[in-house]
Amino acid sequence: TEYEFSLTQLYTLQAIPQTLLPTNPIIDMKLNLEQNVLFVSSETLVVRVPVTSCNAYSHDCKQCLSTDPQCGWCPTVEACTTQVRCSVSLWTQNSTKCPELLPPVKPHLLTESPKTVALRLNETYFINCASAGHPTPSYWWFKDDALLAGRTTSNLTLKVSDASTGGQYVCIAHNKHGNASVEVKISIKPFLTVEPPAGTFG
């Protein structure tokens with residue numbers, strides 16, 4: 001949705017960039033509510049001017065909802081945003097729905113893992129990277145510095161099928177305040193073959 005303004009209205013807005021004044025007189029301005037920006041144009045320039053300041057209250061729900069009528073609280077990212085940046089069903093401007101904000105906590109491991117482990121053929125082993133933190137940590141897994149795509153949980157299950165299972169495994173638990181890591185070196189014990197006694201088969 002766009003709205004047009006008169007030149008008198010344009011010059012009363014303090015948000016107009018100084019690059020447009022006075023050598024570049026404003027000739028037009030339109031407000032786009034879907035993007036929450038003001039398009040200001042002169043003969044040589046078109047400038048996007050944000051009309052909200054939601055990011056100024058990014059982590060304070062009650063201040064967010066009491067300061068700027070264009071802002072609301074988005075619980076999925078725990079931040080003050082415009083409606084277009086959040087799921088419509090979750091975005092709220094009702095201050096009674098502000099969550100109890102927990103202090104930021106960088107991830108910390110809940111258990112310790114051994115640094116080296118030797119496994120045999122067909123053996124199963126679990127690497128535990130469970131961590132606590134706020135916001136809740138996410139997980140990355142690596143083997144020999146290569147990202148293990150699709151592995152995003154706090155545990156990794158290894159089933160020894162052959163020697164290629166061995167290697168250096170690293171888990172990184174992370175949120176926006178920091179990270180914690182687990183490193184485990186997996187070695188594979190030699191596969192033993194048993195020779196039958198001489199003369200067993202005649």
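A disulfide here is a pair of cysteine sulfur atoms within 2.5 Å, and a search of the whole structure turns up four of them. The structure is a predicted model, in which local features need pLDDT of at least 70 and side-chain atom pairs count only at pLDDT 80 or more, while totals for chains, interfaces and linings use all residues. Residues are numbered from 1 along each chain as its sequence is written, and side-chain values use heavy atoms, with hydrogens and water left out.

The chain holds two helices and 15 strands; helices (H or I, at least four residues) and strands (E, at least two) are DSSP runs, numbered from the N terminus. Of its 202 residues, 33% count as buried, where buried means under 20% relative accessible area, exposed means over 50%, and partly exposed covers what falls in between (1.4 Å probe, protein chains only). The chain exposes about 13,200 Å², with carbon and sulfur atoms supplying 55% of that area; accessible areas come from the Shrake-Rupley method with a 1.4 Å probe, and for residues only the protein chains shown count as cover. As for contacts (heavy atoms within 4.5 Å), take those in the chain with a separation of 6 or more: residues 24 or more positions apart account for 48% of them.

Back to the disulfides, starting with the one that joins Cys54 to Cys71, at an S to S distance of 2.1 Å. This pair links distant parts of the chain, 17 residues apart: Cys54 sits in the loop between strand E4 (46-50) and helix H2 (61-67), and Cys71 in the loop between H2 and strand E5 (72-74). The torsion about the S-S bond of Cys54 and Cys71 is about -100°, so this disulfide is left-handed. Cys54 is buried, with a relative accessible area of 4%, and Cys71 also counts as buried, at 1% relative accessibility.

The handedness is another matter: the torsion about the S-S bond of Cys64 and Cys80 is about 75°, so the disulfide is right-handed. Both Cys64 and Cys80 are buried.

A further disulfide joins Cys129 to Cys171, with S to S at 2.0 Å. These two cysteines are 42 residues apart and link distant parts of the chain, Cys129 from the loop between strand E9 (124-128) and strand E10 (131-134), Cys171 from strand E14. With a torsion of about -85° about the S-S bond of Cys129 and Cys171, the disulfide is left-handed, so it is described that way here. Cys129 counts as buried at 0% relative accessibility, and Cys171 is buried with a relative accessible area of 0%.

Strand E14 also belongs to an open sheet of five strands, ordered E8-E15-E14-E11-E12, with mixed pairing. Strands pair if DSSP finds at least two bridges between them. The edges of this sheet are strand E8 (116-119) and strand E12 (146-147), each of which pairs on one side only. Within the sheet, strand E11 (residues 138-143) and strand E14 (residues 167-175) run antiparallel and are joined by six bridges. Lys143 stands opposite Tyr169 in E14.

Lys143 is also one of the contacts of Thr165; leaving aside neighbours within four places in sequence, Thr165 touches Lys143, Leu158, Lys159, Val160, Ile186 and Ile188. Thr165 is found in the loop between strand E13 (155-159) and E14, and is buried, with a relative accessible area of 9%.

Most residues other than glycine have a negative phi, and most peptide bonds are trans. Asn122, in the loop between E8 and E9, is not a glycine and yet has a positive phi of about 70°. Asp145 likewise has a positive phi, near 75°; this residue lies in the loop between E11 and E12 and is exposed, with a relative accessible area of 77%. Finally, the peptide bond from His134 to Pro135 is cis, with omega near 0°, and Pro135 lies in the loop between E10 and E11.
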